[in-house]
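Hi,

Here is the structure I promised to pass on. Have a look at it first, and my notes on its charged pairs follow below.

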Amino acid sequence: MTPASLPFFVYGTLRPGEVNHDLFLRGRVRSEEPGRLAGALLYDGPGYPYAVEEAGGTIAGELLTPRADAYAELLAALDELEEYTPGDPRNLYERVAREVIRAADGTPVRAWVYVAAPPVAARLRARGKLIESGDWLLR
């Protein structure tokens, strides 16, 4: 699988039942299944969460496989939603490829994940509100 065609791991407002799920994903996704991202902690943001890469943590979310014909459009829409521009030092999030564990069978899947950019992650580690469960839906 080329990096350009990786599935996405979502853990906040893009999860089923959350505010951005239908707005961004309806008609663009072939499958959704529960997954877990190891090596990250979840922090509360202003109405949305941040994943902060940190050994020992685990975040619950969904592994999304976009429809092939909607991939480029979805990638652009999610980059815009997360205000992510490759290489921009002002990014709040960085889009990175990480191993996500499929909940159904425990297999690892490489997926795009939006994680807190380094300056944001440093602020959150220093004085952020940790979501101890690692699950935005249980906050």
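A search of the whole structure turns up 11 salt bridges, a salt bridge being a side-chain nitrogen of Lys or Arg within 4 Å of a carboxyl oxygen of Asp or Glu. Before the details, please keep in mind that this is a predicted model, where local features need pLDDT of at least 70, side-chain atom pairs count only at pLDDT 80 or more, and totals for chains, interfaces and linings use all residues. Residues are numbered from 1 along each chain as its sequence is written, and side-chain values use heavy atoms, with hydrogens and water left out.

One of the bridges pairs Arg 15 with Glu 62, with 3.7 Å between the closest N and O atoms. Arg 15 sits in the loop between β1 (8-10) and α1 (21-25) and Glu 62 in strand β3 (residues 49-66), so this pair links parts that are 47 residues apart in sequence. (Helices are DSSP runs of H or I with at least four residues, strands are runs of E with at least two, and both are numbered from the N terminus.) Both Arg 15 and Glu 62 are buried, where buried means under 20% relative accessible area, exposed over 50%, and partly exposed in between, using a 1.4 Å probe and protein chains only.

Next, Glu 54 bridges to Arg 125, and their closest N and O atoms are 2.7 Å apart. Glu 54 belongs to strand β3 and Arg 125 to helix α3 (residues 118-127), so the pair ties together parts 71 residues apart in sequence. Glu 54 is partly exposed at 30% relative accessible area, and Arg 125 is partly exposed at 43%.

Then there is Asp 79 with Arg 95, whose closest N and O atoms are 2.9 Å apart. Here helix α2 (residues 71-81) supplies Asp 79 and strand β4 (residues 93-102) supplies Arg 95, so parts 16 residues apart in sequence are tied together. Asp 79 is buried, with a relative accessible area of 11%, and Arg 95 is buried at 14%.

What else joins Arg 15 and Glu 62 in a network? Asp 135 does, through salt bridges that share partners. Asp 135 is found in the segment after β6 (129-130) and counts as buried at 12% relative accessibility. Leaving aside residues up to four places away in sequence, Asp 135 touches Arg 15, Leu 42 and Ala 60, a contact being heavy atoms within 4.5 Å. A polar atom of the Asp 135 side chain also lies 2.9 Å from the backbone nitrogen of Leu 137.

Cheers

Conventions
A polar contact is a pair of N or O atoms within 3.5 Å; within protein, one must be able to donate a hydrogen and the other to accept it, and residues adjacent in sequence count only if both atoms are side-chain atoms.
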